[in-house]
Amino acid sequence: MASKRREWTYKELREAADFYAAGESWEQVGSRYGVSGSCVRTLIRRHGVTIPERKAYKIEPNRAHTLFLAAS
């Protein structure tokens, strides 16, 4: 017996797009809903949900220093 497809609401797709815009990867967003990141990304695009501009990644000062030391 084939499994039933999950029905997505616009609210869920909007939330998923917001999670991505907040800095999560598509895989992280997908794991919240029990699907792959590719599935979420495809559904968002298919239903015309706009993805807010992604916030710039900010590295913590301690992490930046560690990376600097590793590179030098």
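## Close-up views of the predicted model

**Glu24 and Arg32, joined through their side chains.** A polar contact of 2.7 Å links the side chains of Glu24 and Arg32. Here a polar contact is a pair of N or O atoms within 3.5 Å; within protein, one must be able to donate a hydrogen and the other to accept it, and residues adjacent in sequence count only if both atoms are side-chain atoms. This is a predicted model, so local features need pLDDT of at least 70 and side-chain atom pairs count only at pLDDT 80 or more, while totals for chains, interfaces and linings use all residues. Residues are numbered from 1 along each chain as its sequence is written, and side-chain values use heavy atoms, with hydrogens and water left out. Glu24 sits in the loop between helix 1 and helix 2; helices are DSSP runs (H or I, at least four residues), numbered from the N terminus. Glu24 counts as buried because its relative accessibility is 18%, where buried means under 20% relative accessible area, exposed over 50% and partly exposed in between (1.4 Å probe, protein chains only). Setting aside neighbours within four places in sequence, Glu24 is in contact with Phe19, Val29, Arg32 and Arg54; contact means heavy atoms within 4.5 Å.

**Glu12, a buried residue of helix 1.** Glu12 is placed in helix 1, and with 18% relative accessibility it counts as buried. The side chain of Glu12 reaches the backbone nitrogen of Thr9 at 3.0 Å. Beyond four places in sequence, Glu12 touches Arg6, Glu7 and Tyr33.

**Helix 2 packed against helix 3.** Helix 2 (residues 26-33) and helix 3 (residues 37-46) pack at an angle of about 90°, and their axes are 7 Å apart. This angle therefore makes helix 2 roughly perpendicular to helix 3. The label applies to angles of 65 to 115 degrees, while under 35 is roughly parallel, over 145 roughly antiparallel and the rest oblique. Axes are lines fitted to C-alpha atoms, for helices over the stretch in contact, and angles run from 0 to 180 degrees between N-to-C directions. On the helix 2 side you will find Trp26, Glu27, Val29 and Gly30, which meet Gly37, Ser38, Val40, Arg41 and Ile44 in helix 3. The residues of this contact divide into 4 nonpolar, 3 polar and 2 charged, with Ala, Val, Leu, Ile, Met, Phe, Trp, Tyr, Cys and Pro taken as nonpolar, Asp, Glu, Lys and Arg as charged, and the others, Gly among them, as polar.

**The largest nonpolar core.** This core has 12 residues: Trp8, Leu13, Ala16, Ala17, Tyr20, Trp26, Val29, Tyr33, Val40, Leu43, Ile44 and Val49. Helix 1 (10-21), helix 2 and helix 3 each supply at least two residues of the core. Helix 1 gives the most, with 4 residues. A nonpolar core is a set of buried Ala, Val, Leu, Ile, Met, Phe, Trp, Tyr and Cys residues joined through side-chain atoms within 4.5 Å.

**Trp26 and Ile44, two members of that core.** Not counting residues up to four places away in sequence, Trp26 touches Tyr20, Gly37, Val40, Arg41, Ile44 and Ile51. Ile44, found in helix 3, is buried, with a relative accessible area of 0%. With neighbours within four places in sequence left aside, Ile44 is in contact with Leu13, Ala16, Ala17, Trp26, Val49 and Ile51. For a sense of scale, Ile44 and Lys4 are 40 residues apart in sequence and 20 Å apart in space, C-alpha to C-alpha.

**Ala21 and the residues it meets.** Ala21 belongs to helix 1 and is buried, with a relative accessible area of 4%. Leaving aside neighbours within four places in sequence, Ala21 is in contact with Pro52, Glu53, Arg54 and Lys55.

Ala22 lies in the loop between helix 1 and helix 2 and is exposed, its relative accessible area being 55%.
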